[in-house]
Amino acid sequence: MTRQYVEPITEAQLIKAREEIHAWPEPGWGEFVSSARAIEKLESLGIRTLCGREVINTDFRAGAVAKQVADALADAKKKGVKAEILDRLDGITGVVGIFDTGRPGPVMAIRAELDCVCVTESTNPEHRPVKGGYASQRPGFMHACGHDGHQAVLMAIAEWVVANKENLCGTLKFVFEPGEEGSRGGRPIAESGILDDVDFFYTIHIGCDIPGGEVVTAPEKFLCTTKVDFSFKGTPSHAGMQPEVGRNALCAASTAALALFGIPRHGQGMTRINVGTLRAGEGRNVIASTAEMQVEVRGETEEINRYMLNEAIARVQGAAAMYGCEASHVVQGEAVDFVPDLDLQAIAAEAAAAAPYVEKVSPTMNFNGSDDATVMIKRVQSHGGKGAYLVVGSKLEGGHHTAGFDFEEKRLATIFSIYRSLIIRHLERRD
């Protein structure tokens, strides 16, 4: 039996939705407007929605910046987000919609990220969001990675499955992940158990240095990563009268930063390390008694990443000891590597080949980065399910995480089409 599908979504609608989302970016764990938007959209379609602590295991929630979260919540209230929804979230962002057809069948999940990047968007009049009037309205924050497009596509897919419910069986879960930047949201979602019944998990990312018209169905060399904050505690003293009394946390942190970049690379695979921020001291004439440093390590495998983390901790402790200071650390996020399921890669390749604007389908690429969707995929695989990660290429105006970032909006139609094909493949009724 050949089933006839309704097509309620146009490319223009996808683009309009993306631009609305683009204008109001929110940082990780502060995505109150974004979460509310997803909740309202899904529930308006009759899709059951879980949020906050229902889908986030707060024992694993890390990397929340208190001021960012508080400011985002205040702005959400000013923007008119319903108090009822904010009460449901109870300070914890993240949403999962559960579309149950009422007929037995597989459970499939697709994922989009809710958060933005802490970048101030370009004001260049030639920057397309500026020209189009949808540039970021929140200075210091910008959708500079494509997450706005991913969200728009998932909400459009929600409309499509509801319109075509009679043709489908099983269940589709819409995962709107908070805090992907910094690899903070994947583990709390996975540890909530919301994915434990998933048979097929797919996620798609736009860009990633792949040219427009190309789709990669199974990127490799995802780097495991750990995001870690180090704190240094010294002893303050007057820098002129009693310099010998003080214990300089600034010097300890600076020495540690240089030492971190000297960690030997690993013979069994790629490694990365970066010191992103270092803040220290209280005043010009005071021996600095405190310092804070944000660091990330990466490794091609979990073992190599663990080597990098252990080396980093050892060097920080050693530098602190040199200056008579104490050092401590807190892990703020993580991602792992994963092995894609080959049968899902083949299915994804078929879906990509049939999608609009696709000229080339490639089996793999060196991702050479991190995405905590890998944590969710591994969770699904550990419970007997399968997972796949695709990249839809696009010409980019500015690289990822830069003030001038933008992508070709027609690529949203490609992503939508791939998800549509995958849903039909897995959830189409056979009776």
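Is D196 buried, partly exposed or exposed? D196 counts as partly exposed, at 24% relative accessibility. The notes below set this residue among its neighbours. Keep in mind that the model is predicted.

1. **D196 and its partner.** D196 forms a salt bridge with R379. Their closest N and O atoms are 2.8 Å apart. D196 lies in the loop between α7 and β5, while R379 lies in helix α11, so the pair ties together parts that are 183 residues apart in sequence. R379 is buried, with a relative accessible area of 19%. That falls under the 20% cut-off for buried.

2. **R18 and D148.** These two also form a salt bridge, with 2.9 Å between the closest N and O atoms. R18 sits in helix α1 and D148 in helix α6, so parts 130 residues apart in sequence are tied together. R18 is buried, at 0% relative accessible area. D148 is buried too, also at 0%.

3. **R128 and D406.** Their side chains meet in a salt bridge of 2.7 Å, N to O. R128 is in helix α5, and D406 is in the loop between β12 and α12, 278 residues apart. R128 is partly exposed, at 33%. D406 is buried, at 2%.

4. **A network.** Salt bridges that share partners join R18, R128, D148, D406 and E409 into one network. The structure holds 37 salt bridges.

5. **Helix α6.** This helix covers residues 147–163. Its 17 residues should span 24 Å at 1.5 Å a residue, and its end C-alpha atoms are 25 Å apart, which agrees. Helix α6 is mostly covered, with 14 of its 17 residues buried.

Methods: Residues are numbered from 1 along each chain as its sequence is written. This is a predicted model: local features need pLDDT of at least 70, side-chain atom pairs count only at pLDDT 80 or more; totals for chains, interfaces and linings use all residues. Side-chain values use heavy atoms; hydrogens and water are left out. Helices (H or I, at least four residues) and strands (E, at least two) are DSSP runs, numbered from the N terminus. The expected span of a helix is 1.5 Å times one less than its number of residues. Buried means under 20% relative accessible area, exposed over 50%, partly exposed in between (1.4 Å probe, protein chains only). A salt bridge is a side-chain nitrogen of Lys or Arg within 4 Å of a carboxyl oxygen of Asp or Glu.
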